[in-house]
Amino acid sequence: MNLSAIDPILLLASLMVAATPIMLAAIGELVVERAGVLNLGVEGMMITGAVTGFVAATTTGSPWLGFVSAACGGALLSLVFGVLTQFLLSNQVATGLALTLFGLGLSALMGQGYIGIKAPAFPDWHVPLLGDIPVIGPIVFQHDPMVYVGLLIVLGVWAFLKFTQAGLVLRAVGENHDAAHALGYHVRRVRILAILFGGACAGLGGAYLSLVRVPQWTEGMTAGAGWIALAIVVFASWKPERLVLGAYLFGGVTVLQLNLQAAGVAVPVEILSMSPYLATIAVLVIMSAGRAPGSLGRIFHAAR
Amino acid sequence: MTDALLTLQGLTKAYPGVVANKDVSFSIRPGEVHALLGENGAGKSTLVKTIYGLVKPDSGSMTLRGETFAPSEPREARAKGVAMVFQHFSLFDALTVAENIALGMENPPKQREVAARVTSVSAQYGLPLDPWRVVGDLSAGERQRVEIVRCLLQDPKLLIMDEPTSVLTPQEVGILFETLRKLSAEGTAILYISHKLEEIRTICEAATILRLGEVVGTCDPRETSARAMAEMMVGQVLHVPERAAKPAGEVVLEITGLNAPAPHRFGTSLKDVTVTVRTGEVLGIGGVAGNGQDELVAALSGEVRVKPGMVALKGRDIGHLPANARRALGLLAAPEERMGHAAAPDMTLTENAVMTAATRENLTSRGFLDWGRARAFANRVIADFDVRTPGPDNAARSLSGGNLQKFVIGREILQKPDVFVVNQPTWGVDASAAAAIRQALLDLASAGAAVVCISQDLDELMEVSDRFCALNSGRLSDPRPAQGLTVEEIGLMLGGAHDLEVAHVEGGTPLQTGTAP
């Protein structure tokens with residue numbers, strides 16, 4: 001065992017990278033759930049995004065095009081969910097689970113010719129001036145651009161929900177869809193848009209795994225990240241600021257346990273591997289005090 | 001009438017299997033308070049939804065201030081000056097008052113500006129409201145004010161109110177009527193939907209009566225008796241419940257210092273409830289919903305167990321007994337919510353009958369159900385209580401509210417209880433079914449049972465009760481003989497002032513009703 005091999009600066013720096021895919025998927029799902037829809041297909045949309053992003057990036061050689069295609073792929077898959085639940089009024093839980101299974105199968109099929117290939121490089125972005133600050137610079141300001149895009153999305157969602165009229169309408173639709181309908185708002189339209197946003201974010205999160213974090217394509221590479229994203233949304237009480245905390249906590253413990261494994265700590269690997277899940281859920285359960293959106297998971301039917 | 005604000009001409013709307021509106025025509029003048037009367041299912045809601053743009057008529061036309069008016073969505077109706085206060089509040093619990101109001105506006109300004117306008121409008125019409133409070137924490141009366149203020153901010157020409165007083169105390173009704181009169185004097189027309197006839201006689205200048213989707217008459221409610229209007233609504237001579245004079249019997253149910261904690265966060269704890277009920281009498285318990293009614297029923301029925309010595313039946317302590325043991329001893333109860341509490345919606349009537357009647361009607365032997373007897377019992381309930389359904393094998397969900405209510409009440413009454421506790425026996429039930437249910441309660445009492453009737457409907461309580469008391473924030477007032485009680489006295493009992501005081505409703509200051517947290 002050699003704990004001195006762990007470099008604390010490197011550890012903290014990789015925390016942000018480890019947290020980003022979950023944070024992206026979770027912020028999308030947060031918007032979906034605030035609109036009153038429970039989409040359990042996050043895992044499926046993530047892995048679909050991972051494979052579409054990887055295929056697009058290796059074909060064109062541009063990681064940016066990869067991320068754009070991943071967002072489109074995730075959104076397209078979520079549209080299936082949206083049509084089924086919003087127009088054909090299918091059960092959201094069952095449809096979401098089916099979406100996850102479908103996404104896992106579809107991605108395996110699409111990614112068949114791409115196993116073992118390396119993704120095109122996605123260079124880190126050394127933020128001018130800020131990146132030169134000792135200690136803080138390497139930890140916070142020397143990452144690839146998607147880390148900052150993810151944080152900007154969270155900030156944008158927070159501001160959207162808090163300050164804009166459209167955000168208020170979205171919250172109203174999730175809180176009481178009958179009342180929103182009676183006031184003349186388009187419940188289905190709002191929800192479909194939210195579902196598309198959720199799918200795009202999950203796709204980005206998946207592509208971050210296959211293009212940056214790993215960076216190559218393997219079957220089932222999301223390994224439950226979508227489920228953790230779902231759990232983080234609930235335990236974060238549907239609040240974006242808490243969601244960041246939850247995602248970073250999960251990322252932090254993941255990186256720490258990997259380092260501990262590498263350092264050869266005398267704890268079974270299995271226990272180390274489960275520690276990020278346990279720690280995240282434990283902390284968020286303790287802090288959670290929120291209330292779910294009133295219409296979450298309920299089918300909306302504009303009857304009479 | 002050339003100066004009409006809104007004219008409806010031959011409006012017809014059919015749904016599969018039912019015609020909701022058939023050739024409906026009438027008109028409303030500016031500043032007029034116009035009542036729309038009718039039983040449940042008479043087509044009132046469909047009609048106002050048509051005016052508000054939520055429903056498109058199959059045929060017929062509307063004109064607003066001389067122009068054709070065919071709103072395709074509520075937004076358009078609002079833009080033309082039609083506003084609506086809904087029967088079931090269309091509010092968002094998790095949002096603040098200001099946010100709720102902004103949602104009803106076309107181009108809402110900043111939250112702070114919305115709040116300022118709320119404050120000024122609410123002061124102008126005597127409807128005090130704090131724009132920053134979360135709606136989920138407000139009382140029913142306050143929630144309604146949010147709805148009304150939301151409408152008033154649009155400066156409406158026509159205000160539609162769907163059953164506005166069903167959740168209010170008499171004092172709150174007084175405040176509401178003051179506001180409506182002010183609006184009417186300013187030239188705003190009001191379309192007022194209700195089945196409380198006395199209210200309509202107080203406030204409305206004209207009435208249109210609907211039955212089965214058709215206009216069956218118009219009248220001036222100030223000059224028509226409530227009974228005459230009710231008969232126009234129902235289309236037949238109304239049967240008024242009769243009560244036989246009866247001597248007070250022995251005490252069967254004794255509640256002594258009953259304390260029970262609130263079962264959930266939004267519940268009300270019961271505080272030192274003490275009352276006795278005698279055989280042959282009906283004890284009426286009034287109060288605005290959410291003041292401990294559900295908790296009291298639960299404590300009596302056995303859904304919630306209480307400490308020894310708090311509830312006694314025929315001298316025997318039953319506080320620790322579960323519901324079926326209490327049923328066996330003769331105490332039966334019918335809770336308020338029929339779908340999901342009094343009856344399981346997706347199970348058949350026979351199955352629902354077994355659920356409470358298995359013990360007293362011997363519907364089981366050694367754990368096996370006797371389906372023959374169960375079906376016979378369900379059939380008996382259906383026949384005796386005139387439940388309109390094809391048969392006992394139909395799911396409870398398929399019955400209309402009034403029919404299911406007759407079924408759940410009949411199911412208990414046919415088991416010949418010694419004490420019968422019922423909560424909101426005629427909530428959402430039309431006039432003729434309500435009369436039948438009240439008659440059944442009175443018959444039960446005259447047959448020697450004790451009846452505890454909890455209700456928000458004061459007219460109902462006055463009709464059936466021998467003694468009346470009020471439940472307020474989990475406290476029960478001392479019972480008083482129901483005969484001779486005035487509406488003002490009852491209002492004060494409900495408002496929490498158990499001793500009579502002079503009310504100070506003048507000047508728009510509302511009474512504290514005790515329902516706010």
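Into which domains is chain B divided? I found domain 1 at residues 6-234 and domain 2 at residues 251-508. A reminder to myself: this is a predicted model.

**Entry 1: between the domains.** I looked up the C-alpha centres of the two domains of chain B, and they lie 32 Å apart. Across the boundary, 14 residues of domain 1 of chain B are in contact with 16 residues of domain 2 of chain B. On the domain 1 side, I noted α6 (170-185) and α8 (226-234) of chain B as the elements that give two or more residues. Of these, α6(B) gives the most, with four residues. Sorting that domain 1 side by class, I got six nonpolar, six polar and two charged residues.

Entry 2: Next I turned to β9 (residues 206-211) and β10 (residues 214-219) of chain B, which pair in the antiparallel sense over five bridges.

**Entry 3: the chain A side.** How many residues of chain B are in contact with chain A? I have 17 of them written down, meeting 14 residues of chain A. Both α2 (74-79) and α3 (97-103) of chain B supply at least two residues to this side. The largest share, three residues, comes from α3(B). By class, I listed 11 nonpolar, two polar and four charged residues on the side of chain B that touches chain A.

Terms used. Residues numbered from 1 in each chain as written. Chains lettered and ligands numbered in written order. Predicted model: local features only at pLDDT ≥ 70, side-chain atom pairs only at ≥ 80, totals over all residues. Pairing = 2+ DSSP bridges. Contact = placed C-beta atoms within 7 Å. Nonpolar A, V, L, I, M, F, W, Y, C, P; charged D, E, K, R; others polar. Domains from an automatic or database assignment.
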